[in-house]
Amino acid sequence: MNSICRASSFGLYKIGSIRRYLNQSTTEKLVHAFVMSRIDNNFNSLLYGLSDLLTGKLQRIQNSAARLVARTRTYESVSPILHTLHWLPVKDRIIFKLLNCL
């Protein structure tokens, strides 16, 4: 879990450093390629049923990614941003990915 969060945070940092040169569509594609792909890895069966503490780490990464794509501040609510981007919260993503495998 720590290595997933570390790699995702590094990806967000790198994308954030060039964000001013990118439009929203390109930023979203980069975030999907380098950050969300790590969260949506093939180990969803192992992630199912994790404690809120561990899934909270992944949720914070997803929230940071959404804020980076939408160019919003940290004090703004992230729920409308996730809804606009059509991103499920992490717990729901895990369940969705598991159900797609059936």
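Predicted model: local features only at pLDDT ≥ 70, side-chain atom pairs only at ≥ 80, totals over all residues.
Trainee: Which radius of gyration does the protein chain have, and what would a compact globule have?
Mentor: The C-alpha trace spans about 40 × 25 × 25 Å along its principal axes. For 102 residues, a compact globule would have a radius of gyration near 13 Å. The chain agrees with that, at 13 Å.

Trainee: Among contacts between residues at least 6 apart in sequence, what percentage joins residues at least 24 apart?
Mentor: Take one residue as an example. Ala65 is in contact with Leu12, Val31, Val35 and Trp87, leaving aside neighbours within four places in sequence. Over the protein chain, the share is 64%.

Trainee: Are H1 and H4 roughly parallel or roughly antiparallel?
Mentor: H1 covers residues 2-17, and its axis comes within 10 Å of the H4 axis. The two cross at roughly 10°. Angles under 35 degrees count as roughly parallel. H1 and H4 are therefore roughly parallel.

Trainee: Which residues of H4 make the contact with H1?
Mentor: On the H1 side are Asn2, Ile4, Cys5, Ser8, Ser9, Leu12, Ile15 and Gly16. By class, the contact of H1 with H4 has eight nonpolar, five polar and one charged residues. The H4 side is Lys57, Leu58, Ile61, Ser64, Ala65 and Leu68.

Trainee: How do H2 and H4 run, roughly parallel or roughly antiparallel?
Mentor: H2 covers residues 24-39. The axes of H2 and H4 come within 9 Å and cross at roughly 170°. Angles over 145 degrees count as roughly antiparallel. So the answer for H2 and H4 is roughly antiparallel.

Trainee: How is H4 oriented to H6?
Mentor: H4 spans residues 52-70 and H6 spans residues 90-101. Their axes come within 9 Å and cross at roughly 100°. That makes H4 and H6 roughly perpendicular.

Trainee: Which residues of H6 make the contact with H4?
Mentor: H4 supplies Asp52, Thr55, Leu58, Gln59 and Gln62. By class, the contact of H4 with H6 has two nonpolar, three polar and three charged residues. The H6 residues are Val90, Lys91 and Arg93.

Trainee: Is Ala65 buried or exposed?
Mentor: Ala65 sits in helix H4. Its relative accessibility is 0%, and under 20% means buried. Ala65 is therefore buried.

Trainee: How far apart in space are Ala65 and Cys101, C-alpha to C-alpha?
Mentor: In sequence, Ala65 and Cys101 are 36 residues apart. In space, their C-alpha atoms are separated by 25 Å.

Trainee: What separates the C-alpha atoms of Ser25 and Val69?
Mentor: Ser25 is in helix H2. At 39% relative accessibility, Ser25 counts as partly exposed. Val69 is 44 residues away along the chain, yet the C-alpha separation is 8.3 Å.

Trainee: Is Thr84 buried or exposed?
Mentor: Thr84 lies in helix H5, residues 79-85. Its C-alpha atom is 9.3 Å from that of Ala70. The relative accessible area of Thr84 is 59%, and over 50% means exposed. Thr84 is therefore exposed.

Trainee: Where is Arg71, with its positive phi?
Mentor: Most residues other than glycine have a negative phi. Arg71 is not a glycine, but its phi is about 55°. Its place is the loop between H4 and H5.

Trainee: What is the phi of His86?
Mentor: His86 is in the loop between H5 and H6. It is exposed, with a relative accessible area of 71%. His86 is not a glycine, yet its phi is positive, at about 60°.

How values were computed: Residues numbered from 1 in each chain as written. Heavy atoms only, no water. Axes fitted to C-alpha atoms, helices over the stretch in contact; angles between N-to-C directions. Helix = DSSP H or I, 4+ residues; strand = E, 2+ residues; numbered from the N terminus. Parallel < 35°, antiparallel > 145°, perpendicular 65-115°, else oblique. Contact = heavy atoms within 4.5 Å. Nonpolar A, V, L, I, M, F, W, Y, C, P; charged D, E, K, R; others polar. Rg over C-alpha atoms; globule rule 2.2 N^0.38 Å. Buried < 20%, exposed > 50% of the residue type's maximum accessible area, 1.4 Å probe, protein only.
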